[in-house]
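Hello,

I am passing on a structure for you to look through.

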Amino acid sequence: MAQVSIGQVENLEDLLHGLQSVRQAMAGACHAQIAAAAQKFQDAHDETARSESMLERAVQQEQAANQAVDDAQQALEGSRHALSTAESSLSSCLAQPVTEEDAGPDCSGDYAAVTEAQADVERADCALAQAKAALERAIENRQSMEQRVDLTRQAQAMAAQVLEQAQQECNARLAAVDQAIAIGAARVRAAQQALNAYLDTNPPAAQFHAWLTWNPALHGGPITPDILRDRMNLSSEHRRLLQHYLYERNPAYRRQVDKFRQQWATARGDAERNIVARRARIHLSGEFGEQIARRALAPLGGCIETQGRTFVGDHGRYTKTDLLVSDLQVPVILGRGDGMAAPVGGSMAFEVKCGKADYLYAQMAHMVFQAEGHKQADAQCTLCSRDIHDLAPEKEKELRDALRAAGSPMVGMLPTKNEIDQSCLEFVREHEEGEP
């Protein structure tokens, strides 16, 4: 394989897209974090403004209370002076000499004046006490407002610091991701250039790349069975390239291959190697056959699903549809008959079976049951390897009739089981042959 392969370039592209997604998510999170910090700062700022306004009113109230105390003090002094005057007048009245014609001076008015003056003093003294109490409350309120202003200013300063830190941290993190994206984009460009140079000198690899990136809309009409059959019947070299592509792009497939390679490397003698080869033919070949179908059909739709469940009956039974291609970009014809064509925007459901003729015949009941899960699609069929043609004519007809009656006609488009097995076993043993 080339130092830069199709799968490796796509891995780099996925990594770059992942970084871009991370950047987008991080930018959104940063925006939310900064917005929250900015709101906290604004709240603290508003609270500080309210507290300063309340302090200003408290100061004004204290000043008014001080003035009220001064006024009450002056009123008390005035009342006391009036009392002193009244008492002096009463004393003067009482000091008048008593004549023989009169029992004594009439001081009733002076007594009344003294009594009224004493009441005024008591009222003024009470008013002064109330004014002083009001002043104490005003002082306490002003002191409380001063503490409130101090606290709100501290909170505002802390909120400003948090906002600044959030902005700095977000800018630093986004800058780091932007740098990683720039490096990734440069690596993708370099890798793509190296891949293009490799494809220019390797026609089979270029053909395989064209197969992967096929655009069915350029065909200019419905996709017919012949086109689909050609896409699924890869040459041995293209199957080898697909093996490498899946190994690089599909972690689950890579684990399967590594498992069989390890078993092959540690097998002692031909008997154990035959066991490993048999297991690979059962498990790896089936997966590879499905992958051929999936990669061949994927460009037809906007979405492709695998192993989707469809419940059948009322007892919780379900089938798994191997492939469901939806949002078709072009009309597709799978063959003759009902349920064998799907329009633009429609869908297609497939069961995929790779096996020799006797295996395909033995799986007839299972495939009929699986066909129940295909009925929600516009078109459906059971894709199988070309081994179906090796059945006796009457058995082939019986199998095809059963699947057609079930609504998912049998279509033999995939390579033979032997071709698929050979591709898988050669790939498992490839490292022994010194290939990179």
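The notes below cover the nonpolar cores and then the cysteines.

This is a predicted model, in which local features need pLDDT of at least 70 and side-chain atom pairs count only at pLDDT 80 or more, while totals for chains, interfaces and linings use all residues. Residues are numbered from 1 along each chain as its sequence is written, and side-chain values use heavy atoms, with hydrogens and water left out.

A nonpolar core here is a set of buried Ala, Val, Leu, Ile, Met, Phe, Trp, Tyr and Cys residues joined through side-chain atoms within 4.5 Å, where buried means under 20% relative accessible area (1.4 Å probe, protein chains only). The largest such core has 56 residues, and Met 348 and Leu 383 have the most contacts inside it. Its largest share, 9 residues, comes from helix α7 (residues 269-297), helices being DSSP runs of H or I with at least four residues, numbered from the N terminus. A second, separate core has 17 residues, including Leu 83 and Ala 124.

Turning to the cysteines, a search of the whole structure finds 1 disulfide, a term that means a pair of cysteine sulfur atoms within 2.5 Å. This disulfide joins Cys 93 to Cys 107, with 1.8 Å from S to S, and the link is left-handed, with -100 degrees about the S-S bond. Cys 93 counts as buried because its relative accessibility is 6%, and Cys 107 counts as buried at 4%. Cys 354, by contrast, is in no disulfide, since the nearest cysteine sulfur, that of Cys 384, is 8.3 Å away.

Best wishes

Conventions
Buried means under 20% relative accessible area, exposed over 50%, partly exposed in between (1.4 Å probe, protein chains only). Helices (H or I, at least four residues) and strands (E, at least two) are DSSP runs, numbered from the N terminus.
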